Amino acid sequence: SDLLRVAGRTDLIAEFDDEIAVIDFKTSERVKEHGDIHSYFMQKAGYAAMFEERTGIAVKRLVTLMAVNGLSEPLIFIEERDRWIEKLIEKIHAYEESRNKSNRSGH
């Protein structure tokens with residue numbers, strides 16, 4: 001991505017409940033709550049932004065389908081890109097700043 005200055009590859013971009021979405025498949029040993037997977041939402045927001053940058057097609061919905069050991073049905077988490085994209089950009093900037101400080105100090 002020229003905008004985000006990162007690269008990545010999503011599992012799937014497809015319709016989910018009649019809306020185009022970035023869909024990510026995860027596995028877990030334990031049941032996770034919404035608050036446990038904020039990094040997943042930021043990651044998918046980045047994929048959505050990169051997809052739109054390359055294709056011109058806006059993808060607003062983010063879906064995580066999580067298979068959990070011992071559960072017969074997957075957990076489904078649905079979010080919106082616009083809720084997470086700024087958080088991702090802030091995280092990228094913080095990472096870049098820490099790298100720049102490290103490079104300036106000679107480490």
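**Notebook: burial, salt bridges and helices**

I began with Arg 81, which is buried at a relative accessible area of 9%. Here I take buried as under 20% relative accessible area, exposed as over 50%, and partly exposed as in between, with a 1.4 Å probe and protein chains only. The model is predicted, so I note that local features need pLDDT of at least 70 and side-chain atom pairs pLDDT 80 or more, while totals for chains, interfaces and linings use all residues. Residues are numbered from 1 along each chain as its sequence is written, and side-chain values use heavy atoms, with hydrogens and water left out.

**Salt bridges**

I searched the whole structure and found ten salt bridges, each defined as a side-chain nitrogen of Lys or Arg within 4 Å of a carboxyl oxygen of Asp or Glu. Arg 81 pairs with Asp 82, the closest N and O atoms being 3.2 Å apart. I then traced a network of salt bridges that links Arg 81 and Asp 82 with Glu 52 and Lys 60.

Next I looked up Arg 61, which forms a salt bridge with Glu 19 at a closest N to O distance of 3.3 Å. This pair links distant parts of the chain, Arg 61 being in strand S3 and Glu 19 in strand S2 (residues 19–28), 42 residues apart. Helices (H or I, at least four residues) and strands (E, at least two) are DSSP runs, numbered from the N terminus. I record Arg 61 as buried at 15% relative accessibility and Glu 19 as partly exposed at 27%.

I also checked Glu 53 and Arg 54, whose salt bridge has its closest N and O atoms 3.7 Å apart. Glu 53 is partly exposed at 29%, whereas Arg 54 is exposed at 56%.

**Helix H1**

Gly 56 follows H1 with a positive phi, near 80 degrees.

I listed the buried residues of H1, among them Tyr 40, Phe 41, Lys 44 and Ala 49. Their cover includes S2, S3, strand S4 (75–80) and helix H2 (81–104).

Ala 49 lies in H1 (residues 38–55) and is buried at 13%. Leaving aside neighbours within four places in sequence, I find Ala 49 in contact (heavy atoms within 4.5 Å) with Leu 4, Arg 81 and Ile 85. I also noted a separation of 13 Å between the C-alpha atoms of Ala 49 and Lys 87, 38 residues apart along the chain.

**Helix H2**

H2 has 24 residues and reaches 34 Å from its first C-alpha to its last, close to the 34 Å expected. I read its buried residues as Arg 81, Trp 84, Ile 85, Leu 88 and Ile 92. These pack against H1, S3 and S4. For context, an α-helix has 3.6 residues a turn, so residues three or four places apart point the same way.

**Thr 64**

Not counting residues up to four places away in sequence, Thr 64 touches residues including Asp 24, Tyr 40, Phe 41, Leu 75 and Phe 77.

Note on methods:
Expected span 1.5 Å × (residues − 1).
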